[in-house]
Amino acid sequence: MARAEFCLLTIISSSRGEALITKDKAEVKESIWDWKKKKWLKEEDGRRASSEIRGDLFEEERSEDTPARYHEEYRKLRSWTHSSLDLYKPELLRVLYPVFVHCYMDLVAKGHIQEARTFFNSFREDHETVHSRDLQKLEGVLSPSHLEEMEFAHTLRQSKVNLKICQYSNELMMQYLRNTKSTMMLGIVNEHINFQVSPGQPSSISDDAEVVTLIGNSQDAANQINKKEIHWGVVDFELKDQFGWKAVLLFKKLKKDKAASATAKVVRPETSTSSIAPRVKSELPLPVIPTEVEQSILEDLRNRVQLSSAALPSVSFYTFINTHNGLNCSSISQDGSLVAGGFSDSSLKVWDMAKLGQQSGNSVLQGENDTAPSEHVLGPNGVKRSYTLFQGHSGPVYSATFSPLGDFILSSSADTTIRLWSTKLNANIVCYKGHNYPVWDVQFSPLGHYFASASHDRTARIWSMDRIHPLRIMAGHLSDVDCVQWHANCNYIATGSSDKTVRLWDVQSGECVRIFIGHRSMILSLAMSPDGRYMASADEDGTIMMWDLSSGRCVSPLMGHNSCVWTLAFSCEGSLLASGSADCTVKIWDVTTSTKVTRTEEIKTGSANRLRSLKTLPTKSTPVYSLRVIDQYSNALT
């Protein structure tokens with residue numbers, strides 16, 4: 001009975017009053033059916049209307065998803081960023097380039113090739129100054145298949161851009177995209193840009209190396225590689241094993257004499273960084289240095305003067321004249337006595353600085369001896385040359401490097417070969433073949449015998465003087481390997497590439513152990529600190545970056561040059577860094593200060609990195625090709 005009353009009360013509460021109580025069961029059932037029918041019709045009408053609305057929205061979205069929409073939304077975004085407040089404009093402008101790239105690739109992916117070309121040509125000039133090389137590669141993406149086949153396009157497509165921006169700039173950007181209903185731009189920003197939002201005002205440091213970096217697959221791989229352990233110290237070897245017991249006694253005597261003379265100096269030099277560096281064992285088997293050179297090496301150690309911000313080096317400039325579009329490279333021997341130049345006519349020329357400027361009638365010129373061919377002495381008009389001419393390459397010579405003792409010189413060329421020359425015999429000894437394309441750079445190891453090369457074939461290779469085939473091949477860069485540099489302990493080499501990255505390789509295993517990401521253009525020069533802890537790299541834009549090899553992070557960007565930096569060189573104790581640029585200047589930087597300033601202090605001071613330049617030495621009107629810090633002074637070639 002209680003159950004029946006419960007059901008009746010439920011029906012009554014859903015009906016229209018007491019009239020239903022007096023009706024019979026048939027009328028009650030009919031009323032309930034009518035009520036359910038009306039409710040079902042209302043729901044069906046609602047579903048049909050909702051479906052029609054969604055269909056209209058989808059139709060509208062499909063009709064508006066046209067190539068013209070990419071062009072119009074990007075044009076408006078570009079106009080808005082350029083008209084924003086000067087305080088936030090630099091941060092907002094950084095968004096344009098990744099959006100531009102992905103707009104173009106989206107149009108190509110959808111098959112709108114002609115519209116993509118029109119879009120690319122319309123806004124290309126905005127990014128030409130900073131990203132000219134990337135734009136040249138991007139211009140070659142002309143079909144959807146290229147997005148998968150071309151490594152450059154595939155990497156951009158699969159990765160994100162990590163972009164630092166302040167909180168207010170981020171809010172301004174998002175608010176604009178939502179208010180203007182720029183759904184295409186908003187989708188690209190959400191999919192391909194990762195904003196690292198920081199509180200407070202936008203950073204006043206425009207040269208922050210980590211403002212714009214590539215993340216995603218590439219960055220994840222780099223982070224994983226950078227976790228590997230490396231040993232950055234200097235070589236630990238016994239003097240008696242390397243030079244003999246006689247050298248040990250002589251070295252102790254020279255060290256004692258140097259300590260005694262140091263007390264008489266007015267300016268006390270800073271402690272050498274290499275003296276406190278950890279000692280590691282070289283994994284390369286090294287030949288025994290001849291005993292006849294032990295005296296000169298130890299004398300160099302005795303005469304070496306420590307440099308610092310209080311004791312800057314003197315500078316000697318040497319200028320090549322009448323070499324417009326002819327000189328490709330230059331090199332200075334470790335003691336500064338020889339200078340080499342590589343030329344577009346496939347020749348290599350070596351000058352002896354001790355004989356430079358002397359009258360030809362009163363002195364014996366370089367290469368003038370009974371065993372040397374006459375063409376090494378006489379010029380085309382029968383006039384004696386002031387240099388030694390080495391001929392053998394069949395293409396322009398792009399790099400030259402002296403052995404530590406100066407008795408050999410290596411040259412690399414567009415003919416894909418590397419040649420070893422003797423500066424005593426004035427002759428070619430070996431021709432090394434292995435690269436498939438032009439060889440951009442070659443460098444002797446700090447202890448000689450081994451050398452490394454960098455090529456257009458995207459590889460770097462390790463060689464030894466007594467073998468004609470490479471010992472190791474380092475492959476991994478996405479573009480040309482433009483420069484190479486040995487670590488102080490000879491266990492690693494660093495390579496700089498047109499893909500804007502620097503890699504550190506283990507010589508023994510051929511494995512990449514560090515990837516340094518931060519440059520915005522191709523890497524042109526590298527230098528290792530004498531203690532092996534830091535590496536300096538310079539790019540086409542004139543930016544120099546100091547890296548900590550242990551962590552793989554940028555310690556400090558050094559800004560000051562306004563053109564390509566062709567050469568870098570550390571002082572012998574590592575406290576100073578010299579840089580030579582196409583802006584016709586040599587700059588000397590305080591490495592000690594640069595590596596101690598924290599990022600927080602840099603943001604507070606804003607321009608602290610510019611104050612680390614101790615001195616700027618301008619040339620008259622010639623770019624600087626090569627630098628060498630030689631004990632008491634610095635040599636520069638222009």
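Predicted model: local features only at pLDDT ≥ 70, side-chain atom pairs only at ≥ 80, totals over all residues.
**View A. An open sheet built from four strands.** Read across the sheet, the strands follow the order β19-β20-β21-β22, and their pairing is antiparallel. The edges are formed by β19, which covers residues 481-486, and by β22, which covers residues 512-517, and each of these edge strands pairs on one side only. On average, neighbouring strands of this sheet are turned by 20° against each other, when direction is ignored.

**View B. The pairing of strands β20 and β21.** Here strand β20, made of residues 492-497, runs beside strand β21, made of residues 501-506, and the two pair in the antiparallel sense over five bridges. Within this pairing, isoleucine 493 can be found standing opposite tryptophan 505, a residue of β21.

**View C. The second largest cavity and its lining.** A probe the size of a water molecule, rolled over the atoms, shows where empty space is left. The second largest cavity contains about 30 Å³ of space, and its lining is made up of Arg133, Asp134, Lys137, Ser498, Lys500, Ser521 and Met522. Sorted by class, this lining has four charged residues, two polar residues and one nonpolar residue. Which domains supply the lining of the second largest cavity? Domain 1 (67-226) and domain 2 (327-352 + 384-601 + 608-618) each contribute at least three residues to the lining.

Methods. Residues numbered from 1 in each chain as written. Heavy atoms only, no water. Pairing = 2+ DSSP bridges. Axes fitted to C-alpha atoms, helices over the stretch in contact; angles between N-to-C directions. 1 Å grid on protein atoms, 1.4 Å probe; cavity = no way out; pocket = protein on both sides within 12 Å on 5 of 7 lines; lining within 4 Å. Points joined across faces, edges and corners; volume = space filled by probe spheres on them. Nonpolar A, V, L, I, M, F, W, Y, C, P; charged D, E, K, R; others polar. Domains from an automatic or database assignment.
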